[in-house]
Amino acid sequence: MTRRLSCDSYTVGWVCTLADEFTAAQEMLDEEHHDPVGKSDDSNIYALGSIGRHNVVLACLPAGQTGANSAVAVAMQMKSTFPAIQFGLMVGVGGGVPGKADIRLGDIVVSQPANGHGGVVQYDFGKSTPSGFKRTGFLNAPPTILLSAITKLRSNHDRGRGSLTPHLLKLSNIPKFSRDHAGSDVLFEAGYNHVGGDSCVSCVTARTIQRKDRTSDTPMIHYGTIASGNQVMRDGVERDKVSSEFEGVLCFEMEAAGLMNNFPCLVIRGICNYSDSHKNKTWQPYAAGTAAAYAKELLLVIPAADVLNTQTADKVTREQMHSFFLPFLPNIQFVGRSADLDTLKEKLLVKKDCQKVALSGLGGIDKTQVADFTPMLLVPSKS
């Protein structure tokens with residue numbers, strides 16, 4: 001019998017970008033739940049269930065609305081509807097960076113602090129200077145409870161006690177998620193551009209990079225820096241250049257930068273292409289499955305009691321807002337400017353047509369107070 005739990009019963013938020021990722025995530029649930037009654041004015045569509053002793057909320061970005069802005073809107077609404085969520089997982093596909101790490105299609109990349117970065121870097125955010133483009137800003141690291149779980153999981157794998165393969169078998173009833181359906185794994189030289197249509201049948205095989213065959217089809221797991229940006233990376237030379245600037249990026253994607261400072265989470269990406277001009281969608285289902293299987297394995301090593309002792313994601317985010325956006329609390333007596341606030345809410349939450357908003361005007365007309373109240377707009381009212 002399928003259960004129906006209250007919104008306060010869910011402690012883990014799982015965000016996907018694509019339909020295949022959402023499908024793989026639902027297949028990882030040990031038990032599926034009915035939707036709770038009275039979901040407020042939340043526009044997200046959820047799938048609910050449990051993995052081990054954790055009650056999990058799954059949400060996917062609206063069709064065709066990828067990117068950081070859409071991701072943060074979905075995550076903020078999720079936190080509002082399910083106030084007991086302690087942390088999140090951003091799980092899906094990404095483009096790999098072949099180099100120091102022997103990254104292959106179907107492998108898994110997990111965000112972990114390294115080389116002075118918190119695990120995710122926004123490589124296209126910064127300012128123009130006389131000496132060139134200077135990247136600015138810093139994204140938060142994943143919550144400690146998730147980093148501790150990574151340590152435990154890596155130890156399990158070193159001791160031959162991993163359970164990734166059994167979790168992947170849960171997708172065996174859906175043909176397109178199989179390793180065989182994905183096809184061959186071909187890596188071209190960084191400077192060689194794609195020729196032809198959706199496949200690489202017209203590309204010159206002499207420009208491929210020969211790599212040693214692996215003895216097993218079991219995906220490898222890589223830990224380190226994930227690069228997030230507002231555009232798809234599909235240039236091998238630029239891919240390698242950016243990776244070098246950040247001392248070894250493992251993966252490129254488009255959503256994580258919007259979450260790290262607003263939704264305490266870990267980013268898990270299955271590699272479906274090599275972030276070059278040869279990218280296509282053939283490997284997406286299998287890579288989505290490997291990422292989802294890792295996410296399940298990670299949750300199963302986290303004791304439920306530890307989650308209950310963790311600050312809620314909403315509380316962590318509000319503390320960070322006051323710590324990093326402005327050095328003082330909002331003026332609770334602030335009134336007016338409702339038209340301006342409504343415009344900001346429409347742009348950031350409803351139309352989702354921008355990621356940055358500038359407030360301009362003369363001194364003393366409440367720009368600071370409007371800016372201070374803007375983060376609260378991302379959390380819909382429960383009244």
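## Basis and surface

Accessible areas come from the Shrake-Rupley method with a 1.4 Å probe, and for residues only the protein chains shown count as cover. On that basis the protein has an accessible surface of about 18300 Å², and carbon and sulfur atoms hold 52% of that surface.

The model is predicted: local features need pLDDT of at least 70, side-chain atom pairs count only at pLDDT 80 or more, and totals for chains, interfaces and linings use all residues. Residues are numbered from 1 along each chain as its sequence is written, and side-chain values use heavy atoms, with hydrogens and water left out.

## Overall fold

The protein has 12 helices and 13 strands, taken as DSSP runs numbered from the N terminus (helices H or I, at least four residues; strands E, at least two). Of its 383 residues, 50% are buried (under 20% relative accessible area; exposed is over 50%, partly exposed in between; 1.4 Å probe, protein chains only).

Contacts are heavy atoms within 4.5 Å. Of those between residues at least 6 apart in sequence, 78% join residues at least 24 apart.

## Aromatic pairs

The whole structure contains 6 aromatic pairs (Phe, Tyr or six-membered Trp ring centres within 6.5 Å; planes under 30 degrees apart are stacked, over 60 edge-to-face, the rest tilted). Tyr46 and Phe82 pair edge-to-face, at 5.0 Å centre to centre and 85° between planes. Tyr46 lies in strand β4 and Phe82 in the loop between α2 and β6, so this pair ties together parts 36 residues apart in sequence. Tyr46 is buried at 8%, as is Phe82 at 0%. Ring pairs link Tyr10, Tyr46 and Phe82 into a cluster.
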